[in-house]
Structures are given as C-alpha cells and as structure tokens.
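I opened this entry to look up the ligand sites and the charged pairs. My notes follow in the order I took them.

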Amino acid sequence: MSLHIPFRNAYASLPDTFFARVLPTAVKKPVLIRFNQALATELGISTDGVDEQTLAEVFSGNRVPDNAEPLAMAYSGHQFGHLNPQLGDGRAILLGDVADGRGRLWDIQLKGAGTTPFSRMGDGRCPLGPALREYIMCEAMHALGIPTTRALAVVSSGERVVREQLEPGAVFTRVASSHIRVGTFQYFALRRDADALRTLADHVLERHYPAIDRQRDDRYLQLFRAICQRQAELIARWMNTGFIHGVMNTDNMTISGETIDYGPCAFIDAYHPQTVYSAIDRNGRYAYQNQPAIGQWNLARLAETLLSLFPGTEKQAVEQATAVLQDYAQWQQQAWQQGMNHKLGLSQVQEGDQERAEQLLALLDQAGLDFTLFFRRLCAVTSNDSDRHEVFALFELPDVHRSARLEEDLHHWLDDWQAALAARESSPQAATQRMKSVNPAVIPRNHRVAEAIAAAETGDFSVFERLLSALANPYDDAAEFSAYQTPPLPQEQVLRTFCGT
Ligand code: AMP
Ligand code: MG
C-alpha cells in the first residue's frame with residue numbers, strides 16, 4: 001500500500017529563483033530504523049495499513065509520494081563570520097509542506113537524499129551517526145519544551161559514505177515549521193533582488209507571524225522585531241538548559257525561532273561558560289557564553305537584508321534596526337532571568353535576583369559542578385530545614401574542584417536563596433514541584449549520545465531506542481532511567497563533537 005501525505009507545497013509555489021526542483025537519488029537498500037508515529041499523527045499522515053518497507057522507501061527518497069514537489073532551497077550564509085553567497089540545500093530535499101489539524105504548515109525534508117544543484121563538492125549524503133544525533137537531540141529538545149525542528153524518520157541507506165573513514169549512510173527526515181533561515185534573506189539581498197525579498201518577507205509574515213497586521217506601513221520592521229523576540233527567547237532557553245548549538249552560522253538560524261541543524265551540538269555537563277564542543281570551532285566563536293551575542297550578530301545580518309523594506313529614509317531604517325537589536329539584548333537578558341527565576345522556584349523577578357543567579361553560576365563554574373544535576377538536586381532543598389547532603393555530594397564527583405571555601409560559599413548561597421524563597425513563596429513543597437517541572441533530570445548527555453551512535457554503527461539500535469525512551473519524559477525521576485541522570489566519568493567524557501557532514 002502506498003503512503004498518502006497531504007502535501008500543500010506552499011514553498012514550491014514561490015518564484016523559481018527560490019529553489020531548484022530536484023528528485024532524491026535512490027539509495028541501495030533502505031531499511032527503516034525509526035519512525036515517529038506520534039509526530040506523523042500530529043501532521044495528519046495516516047500510516048494505517050502501510051508496511052515498514054513502504055515507509056523505508058518513502059523516507060529514504062526511493063519512492064516520492066504523490067503530490068510531492070521535491071526541491072532544494074536556495075540560501076546564503078555567514079559561516080564562522082565569513083560570507084558564503086551560495087549555499088543552499090546541498091544534501092537536503094524538501095518533499096513539501098503539510099497542514100496539521102490547526103492549519104499550521106510543516107515542512108517535510110529528507111536530509112542525505114542525494115546531490116542537488118547546491119551540493120558544491122559534497123556527496124549529498126549523510127552518515128548514520130549525525131542522522132541519529134539529530135534525531136536524538138531534536139526529540140530531546142522537544143520533550144524539554146524548547147522550540148525545535150522535529151524528527152519524523154531515520155532510514156539506513158545500505159550504502160557507505162566516505163568521510164574521514166567509510167561510514168554507514170542514512171537518510172534523516174526532518175519536520176520544521178519552515179526551513180527559511182537568515183541565510184534565505186541574505187541570498188536575495190546579495191543578488192539585489194528586491195521583489196524576491198518582499199515576496200519572501202510576505203510569505204514569512206503569513207506563515208510565521210500572522211498576528212502582524214499586513215496593512216501596516218511598518219509591517220516589515222514589526223516582522224524583524226518579532227523574529228528578534230523569538231530568537232531572544234530561544235537562546236535564553238538554550239542558556240537556561242545548558243545547550244550549546246555549536247554552529248550558529250546565519251544559515252543555521254531559522255526565521256521561525258526553532259532550533260535547527262543539530263551538528264556538533266551538546267549539552268554542558270560541568271558548568272564552564274567558555275565550553276566549546278565542536279571540533280571545527282577552533283576559536284570558540286560559538287562557545288556556550290557567546291550564544292546570546294552571536295544571536296544578535298546574526299540578527300544584524302538579517303536587518304541588513306531588510307533595511308530597504310523598513311519605512312522612512314535609509315538613515316531612519318538603520319536607526320530603527322539598531323534600536324530593535326538593542327531591544328533584543330534586553331529581551332534576551334529578561335528571558336534568561338525569568339528562566340533562571342523559574343529554575344530557582346522564584347516566580348516574579350525582583351531586584352537582586354540577577355546578582356543571586358550570577359553568584360550561583362560563578363560558584364558552579366569555580367567548582368566545575370554538573371549544571372543539570374545541580375539544579376535537579378536543588379529542587380529538593382527548598383526549605384531551610386531540608387537535608388543538603390545530596391547537593392553537597394556533587395562535590396565528590398570526579399574532576400570537581402572541592403574546597404572548604406567553595407562549600408562554605410555554597411552554604412551561604414543556599415541560606416540566602418532559601419530565605420528569598422520563604423519570603424516570596426508560601427510552600428517549599430510547591431516550590432519543589434514547580435522547580436522539577438523546569439529543571440530536567442535527563443538530558444541527552446554527550447557521552448550517552450556517542451554511546452548510542454557507536455552501538456548503532458555496529459547494528460545494535462537498542463541503546464539508541466533506550467536513550468530516546470529516557471529522554472521522552474525529561475522532568476520525571478523514573479527509576480529505570482536513573483543512570484541517565486549522572487554525568488560522565490572521566491573516561492566516559494566526550495569533549496569533542498564532529499558535525500560529520
Ligand atoms: P550544515 O553544516 O549541515 O549546516 O551544512 C552547511 C552547508 O553545506 C549546506 O549548504 C549544506 O547543504 C551543505 N552540505 C553539508 N554536507 C553536505 C554534503 N554531504 N553534500 C552536499 N552538501 C552538503
Ligand atoms: Mg545548515
């Protein structure tokens with residue numbers, strides 16, 4: 001039986017300059033590794049009576065569904081600060097977009113589906129490891145409640161791809177509210193194609209920001225503001241959960257405000273703000289602590305593309321864009337502080353909260369305490385008579401810098417925080433529950449992701465499956481997944497991640 005996907009093809013109806021029509025290149029022997037049935041149902045894709053082999057063929061690109069209008073999107077981008085005018089989907093093919101029950105559009109894109117006119121020197125393929133990493137990371141982010149692209153399927157290709165060594169190949173199916181990036185705007189701005197820019201901006205307004213009145217003269221300025229707001233909130237969420245994207249190039253920043261392109265990304269274990277995991281990020285441009293500022297840099301590149309659409313003179317347009325970029329920094333800081341307050345069980349942000357949060361992070365940094373586990377254990381010590389033993393046991397973990405002064409500082413900090421909690425929140429038990437709903441027990445720790453990939457490369461997908469199960473309910477303390485809460489032992493640490501494209 002064939003699979004029917006109710007494609008709408010909104011992007012394919014845009015002008016020809018926006019993309020290149022291209023069919024996937026069939027793979028040798030597609031085998032379904034995982035299909036996200038729950039997501040398929042949300043998207044209105046019925047798989048009743050559809051066998052696994054059909055799914056493998058559709059989500060490898062071997063069988064193109066009816067009504068799909070496959071295409072590779074055109075875009076440019078600043079990569080590590082350097083402008084690359086011609087990027088585009090070099091190994092991703094958009095099958096089309098579908099509308100969910102609420103009428104919202106979702107792109108369905110195959111990653112690793114073969115070469116396109118944008119492939120440059122690349123082979124258009126994706127190794128299994130990066131495909132599984134993206135699957136794990138985006139589903140984990142979704143379960144954490146952080147805006148993200150989603151994983152619909154992963155299929156092994158039965159082919160080998162040549163990287164530093166031969167690796168098994170795969171095709172990953174990604175779902176996004178759209179794949180429009182900062183780099184998509186850059187593509188048309190670089191070509192001085194004003195009509196295309198306006199068409200793209202109108203498409204984005206309709207698709208992602210319908211609340212903005214399209215009759216307003218300053219609608220494109222409002223659009224820019226709204227994009228900046230979403231990015232400020234998104235990056236604040238990354239910072240609050242210890243997520244490091246790793247390649248925040250302008251082609252990897254969406255206009256919708258979803259996290260996209262999980263390459264050499266990772267969650268921080270021991271808290272050090274200068275942490276970098278990506279093997280290709282030699283200067284630490286995309287280090288954990290740089291993310292808010294890099295977000296602003298990328299949005300400044302977006303502003304440059306939109307200036308001609310803003311009202312008033314060029315000078316006024318620049319002033320307006322600059323003001324919004326300054327607001328971004330403030331929104332980011334506010335969203336971050338609100339997130340920290342939630343992590344600490346304090347609902348309203350009050351004077352002194354920022355200083356208290358910063359004191360804590362300085363302490364975590366000096367000691368090298370595990371970011372996620374620290375906040376999770378903090379949930380249990382909301383009252384001044386609670387037993388602090390579990391929190392202080394974190395100092396006994398390997399590689400932690402332990403000193404009498406640091407322990408004393410932490411005691412003082414806890415006294416101060418507990419007093420603030422008691423003054424503002426009536427019940428320590430209720431604070432514990434609230435805190436547990438925002439401080440995850442389980443995150444996709446880098447060594448666990450690496451372990452799942454290594455097993456899969458030998459044909460054992462059980463480690464990958466189990467990790468996904470552990471990550472599905474990150475705010476629960478399920479006993480069966482308790483091992484996923486602990487940080488890596490020194491010999492388990494994975495300090496470098498490779499995007500492996
Ligand atoms: P990424 O690092 O995945 O964000 O990709 C950056 C750019 O390189 C995009 O234009 C990709 O389409 C392109 N690219 C990455 N890997 C490949 C590949 N194996 N073949 C062709 N193009 C690729
Ligand atoms: Mg990319």
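This is a predicted model: local features need pLDDT of at least 70, side-chain atom pairs count only at pLDDT 80 or more; totals for chains, interfaces and linings use all residues.

**Entry 1: Glu 134 and Lys 111**

I checked Glu 134 and Lys 111 against that cut-off, and both are buried. They form a salt bridge, with the closest N and O atoms 2.8 Å apart. Glu 134 sits in helix 3 (residues 128–144) and Lys 111 in strand 7 (residues 105–111), so the bridge ties together parts 23 residues apart in sequence.

**Entry 2: Arg 174 and Asp 261**

I looked up Arg 174 next. Its salt bridge partner is Asp 261, and the closest N and O atoms are 2.7 Å apart. This pair links distant parts of the chain, 87 residues apart. Arg 174 is in strand 10 (residues 166–176), whereas Asp 261 is in the loop between strand 11 (243–244) and strand 12 (266–267). Arg 174 has a relative accessible area of 2%, so I list it as buried. Asp 261 is at 14%, so it also goes down as buried.

Salt bridges link Asp 89, Lys 111, Glu 134, Arg 174, Arg 181 and Asp 261. I count 33 salt bridges in the structure.

**Entry 3: the magnesium ion**

Which residues coordinate the magnesium ion (ligand 2)? I found Asn 252, through OD1, and Asp 261, through OD, at 1.8 to 2.2 Å. Asn 252 is buried, as is Asp 261.

**Entry 4: ligand 1**

I turned to ligand 1 and found 17 residues around it. Gly 88, Gly 90, Arg 120, Asp 123 and Gly 124 come nearest. By class, the shell holds two nonpolar, eight polar and seven charged residues.

One is 2.9 Å from a polar backbone atom of Gly 124. Another entry puts a ligand nitrogen 3.3 Å from a polar backbone atom of Arg 125. On its own, ligand 1 has 480 Å² of accessible area, and the protein covers 85% of it.

**Entry 5: a pair within one helix**

Last, I looked at Arg 405 and Asp 409. They form a salt bridge at 2.7 Å between the closest N and O atoms. Both lie in helix 12 (residues 404–424), four residues apart, about one turn of the helix. Arg 405 is partly exposed at 48%, and Asp 409 is partly exposed at 27%.

Technical notes:
Residues are numbered from 1 along each chain as its sequence is written. Chains are lettered from A and ligands numbered from 1 in the order in which they are written. Side-chain values use heavy atoms; hydrogens and water are left out. A residue is near a molecule or strand if one of its heavy atoms lies within 4 Å of it. A polar contact is a pair of N or O atoms within 3.5 Å; within protein, one must be able to donate a hydrogen and the other to accept it, and residues adjacent in sequence count only if both atoms are side-chain atoms. Accessible areas come from the Shrake-Rupley method with a 1.4 Å probe; for residues, only the protein chains shown count as cover. Ala, Val, Leu, Ile, Met, Phe, Trp, Tyr, Cys and Pro count as nonpolar, Asp, Glu, Lys and Arg as charged, and the others, Gly among them, as polar. Donors are N, O and S atoms within 2.8 Å of the metal (3.2 Å for Na, K and Ca); water is not among the atoms, so sites may look incomplete. Buried means under 20% relative accessible area, exposed over 50%, partly exposed in between (1.4 Å probe, protein chains only). A salt bridge is a side-chain nitrogen of Lys or Arg within 4 Å of a carboxyl oxygen of Asp or Glu. Helices (H or I, at least four residues) and strands (E, at least two) are DSSP runs, numbered from the N terminus.
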